[in-house]
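Dear colleague,

Here is the structure I promised to pass on to you. Please open it beside this message, and read the notes below with the model in view.

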Amino acid sequence: RIACDETSSEKRCGSSLTACATPDDCVKKPNDTSPICMGDGYPERSCKKTGSRLSLTKELNSLLSLSPRASCEKTGWLRKRRDISEISVLFSQHLDTDVVKHQEKILARLGGRTASSTSDASHFVADEFIRTRNMLEAIASGKPVVTPSWLESCGQAGCLVDDKSYILRDARKEKCFGFSLPVSLKKASQHPLLKGMKVWITPNAKPSKAVVSNLVKAVGG
């Protein structure tokens, strides 16, 4: 029932380029709907299949119904309660007070605790690289130096997330001092710099003997 003018060179029959006298003269299979529906001569038909919409809606509903705990289990980063209780965080003194208070609440809700020193901490939270005693000790001992975003993400997920994605980066300071923080942390955790060595610290050493002593211990000396 396709009416074509065979005498016209601009109209072809038997191909996808078939031209018809009017849109109503073209007979299509029920499911052969063009991805673009337009033209006054064509009946108004949806370009999307009902089955596809139902499938998409079902998938979205299933994703939205996932609890934070289920999300953690799916990504493989769910930790046991006793492991979470072993997490202790030392906060940089240069962080804003309100930020620290908020982070401490998240940490407490997860079951972790706030550390009082680097030796007692599993993580050090800072938003910039400053050569403070705590920062240097954390790097020297290879403990993760992460941004506040790490605990924020943990709080949203309801479990511990991979801290490697939240290691502090300070491009300007790292370039200035000629190092890469992620690389330094990895090396420090694998091969302590002064392991097996003994260091004599003179009384007038600067920084103080206590500071240098802690740094020596942090790198295995």
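**What was found**

Of the 221 residues in the protein, 26% are buried, where buried means under 20% relative accessible area, exposed means over 50%, and partly exposed lies in between, all with a 1.4 Å probe and with protein chains only. Please keep in mind that this is a predicted model, in which local features need pLDDT of at least 70 and side-chain atom pairs count only at pLDDT 80 or more, while totals for chains, interfaces and linings use all residues. Residues are numbered from 1 along each chain as its sequence is written, and side-chain values use heavy atoms, with hydrogens and water left out.

If contact is taken as heavy atoms within 4.5 Å, then among contacts between residues at least 6 apart in sequence, 53% join residues at least 24 apart.

**The core**

The largest nonpolar core holds 32 residues, and Met135, Val145 and Trp150 touch the most other members; such a core is a set of buried Ala, Val, Leu, Ile, Met, Phe, Trp, Tyr and Cys residues joined through side-chain atoms within 4.5 Å. At least two residues of this core come from each of β1 (88-91), α4 (97-110), β3 (123-125), α5 (133-140), β4 (145-146), α6 (149-157) and α8 (181-190). In soluble globular proteins, nonpolar side chains tend to be buried together. Leaving aside residues up to four places away in sequence, Trp150 touches Ile87, Val89, His123, Leu160, Val161, Asp162, Asp163 and Tyr166.

**Helix α4**

In α4, the buried residues are Val100, Gln103, Ile106, Leu107 and Leu110. Seen down the axis of α4, these buried residues fall within an arc of 125°, so they line one face of the helix; the arc is that of the directions from the helix axis to the C-beta atoms. On the other side of α4, the residues Thr97, Asp98, Lys105, Ala108 and Arg109 are exposed.

Helix α5 is mostly covered, with 6 of its 8 residues buried, namely Asn134, Met135, Glu137, Ala138, Ile139 and Ala140. The cover over these buried residues includes β1, β3, β4, α8 and α9. Leu215 has its place in helix α9 (residues 209-218) and touches Leu136 and Glu137, not counting residues up to four places away in sequence. Although Leu215 and Asn134 are 81 residues apart in sequence, their C-alpha atoms are 9.4 Å apart in space.

Ser153 is found in helix α6 and, at 17% relative accessibility, counts as buried. The side chains of Ser153 and Tyr166 are joined by a polar contact of 2.8 Å, that is, a pair of N or O atoms within 3.5 Å, of which, within protein, one must be able to donate a hydrogen and the other to accept it, and residues adjacent in sequence count only if both atoms are side-chain atoms.

With best wishes

How values were computed:
Helix = DSSP H or I, 4+ residues; strand = E, 2+ residues; numbered from the N terminus.
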